[in-house]
Amino acid sequence: MRRPSYPSEPDWNFLGLGRRLSEFETSRYLILPVPYDATTSYRSGARYGPEAIIASSRFMEFYDEELGFEPCRAGIHTLPPLDVDTSGVEATVGRIFRAARSALASGKTLVTLGGDHSISPPLVRAHAARYRDLHVLQFDAHSDLRDSYMGSRFNHACAARRMGEFAGVTGVGIRSMTPQCAALVKSGGPFSMFTAGDIRADAGWIDRVVDALGEPVYVTIDLDAFDPSVVPSTGTPEPGGLLWHDVTALLREVARRRRVVGADIVELSPIPGLHAPDFLAARLVYKLIGYMEDARRDRARGRSSVRK
């Protein structure tokens, strides 16, 4: 399969921003593409997700009608795509960790585009090293709590298990797991879970999720958390998932009531000729940046409801 190809134009970046809004020095947010999907267990193609997200983003409006401003005015710099290490997944995990650690040292907020979910544990590790008491909010169809899968502890089916080595993890939208994974959640420890069924049965589910989170929060969004009628372009789609307003309503409330310090969006496996999921992923990235920026502005004005 071909490697993703990123055009070399100076404005080939998220949203197609001009230099004034995309320079590294003046940007508050960083976008890191990680085109890697070596651990996918069914349909590959998530390596093309970052390219599709960036391409779609270039045709979005800057103005967010919900927030009433243009989040990109805070500056969004797109880093070069991270080259994977072909010697194996462990080497790639190390490379992702070092790239994230370097990006975070700048003091900016990092949003990473995957790629399969195996890229998330090293990102969480890098954030946990910078932010004490980090808690992960995991949007996902699958629990991802296997200790090993297909001979690897770094498989995408083990992503939440590995993230739990560095932070508490709260899963949302889960609807596929093994008995062992269910028992692990019930036993306590760093994992908690809100299944898709829990969400449908409880009108107050957003408050319950936010209350379960520590602070600060890292957000990881596996796009198969969405119902496949909305996002069919994933490697392992599961019926009965979340809808657009479910996800964005929770993200906005989490950003308002907790300090969100980083995020990733993974597992977009583009389907040729089907562009709507690519645009959804791009819009979701921009929405999350907008929510973080809105919360930052509120804190600056002394109106924060973030837990101390």
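Mentor: The largest cavity has a volume of about 50 Å³, where a volume is the space filled by probe spheres set on grid points joined across faces, edges and corners. This is a predicted model, in which local features need pLDDT of at least 70 and side-chain atom pairs count only at pLDDT 80 or more, while totals for chains, interfaces and linings use all residues. Residues are numbered from 1 along each chain as its sequence is written, and side-chain values use heavy atoms, with hydrogens and water left out.

Trainee: What makes a space a cavity and not a pocket?
Mentor: On a 1 Å grid over the protein atoms alone, a cavity is a set of points where a 1.4 Å probe fits but cannot get out, whereas a pocket is an open set with protein on both sides within 12 Å along at least five of seven lines. The structure holds one cavity of 30 Å³ or more.

Trainee: Which residues line the largest cavity?
Mentor: Lining residues have an atom within 4 Å of a point. Among them are Gln138, Leu145, Val169, Gly171, Phe191 and Met193. The elements giving two or more residues to this lining are β5 and β6, and β5 gives the most, with four residues. Helices (H or I, at least four residues) and strands (E, at least two) are DSSP runs, numbered from the N terminus.

Trainee: How many residues of that lining are nonpolar, polar and charged?
Mentor: Seven are nonpolar, five polar and none charged. Ala, Val, Leu, Ile, Met, Phe, Trp, Tyr, Cys and Pro count as nonpolar, Asp, Glu, Lys and Arg as charged, and the others, Gly among them, as polar.

Trainee: Why are β5 and β6 called paired?
Mentor: Two strands pair if DSSP finds at least two bridges between them. From β5 the chain passes through helix α6 (residues 179-186) to β6 in a right-handed β-α-β crossover. Right-handed means that, with the strands pointing away from the viewer, the path from the first strand over the helix to the second runs clockwise.

Trainee: Which strands pair with β8?
Mentor: β3 is joined to β8 by four bridges, in parallel, and Leu110 has Gly262 of β8 as its bridge partner. Strand β7 (residues 217-222) also pairs with β8 in the parallel sense, over six bridges, with Val219 opposite Ala263. A right-handed β-α-β unit is made by β7, helix α9 (residues 244-257) and β8.

Trainee: Why is β8 said to be largely enclosed?
Mentor: Buried means under 20% relative accessible area, exposed over 50%, and partly exposed in between (1.4 Å probe, protein chains only). Seven of the seven residues of β8 are buried, so the rest of the structure largely encloses this strand.

Trainee: Why is Cys72 called buried?
Mentor: Cys72 has a relative accessible area of 0%, and the cut-off is under 20%, so the label applies. Cys72 is found in the loop between α2 (49-57) and β2 (76-78). Leaving aside neighbours within four places in sequence, Cys72 is in contact (heavy atoms within 4.5 Å) with Leu15, Leu17, Leu21, Phe62 and Tyr286.

Trainee: What makes α2 mostly covered?
Mentor: Eight of the nine residues of α2 are buried. The buried residues of α2 pack against β1 (29-34), β2, β3 (109-114) and α10 (276-300).
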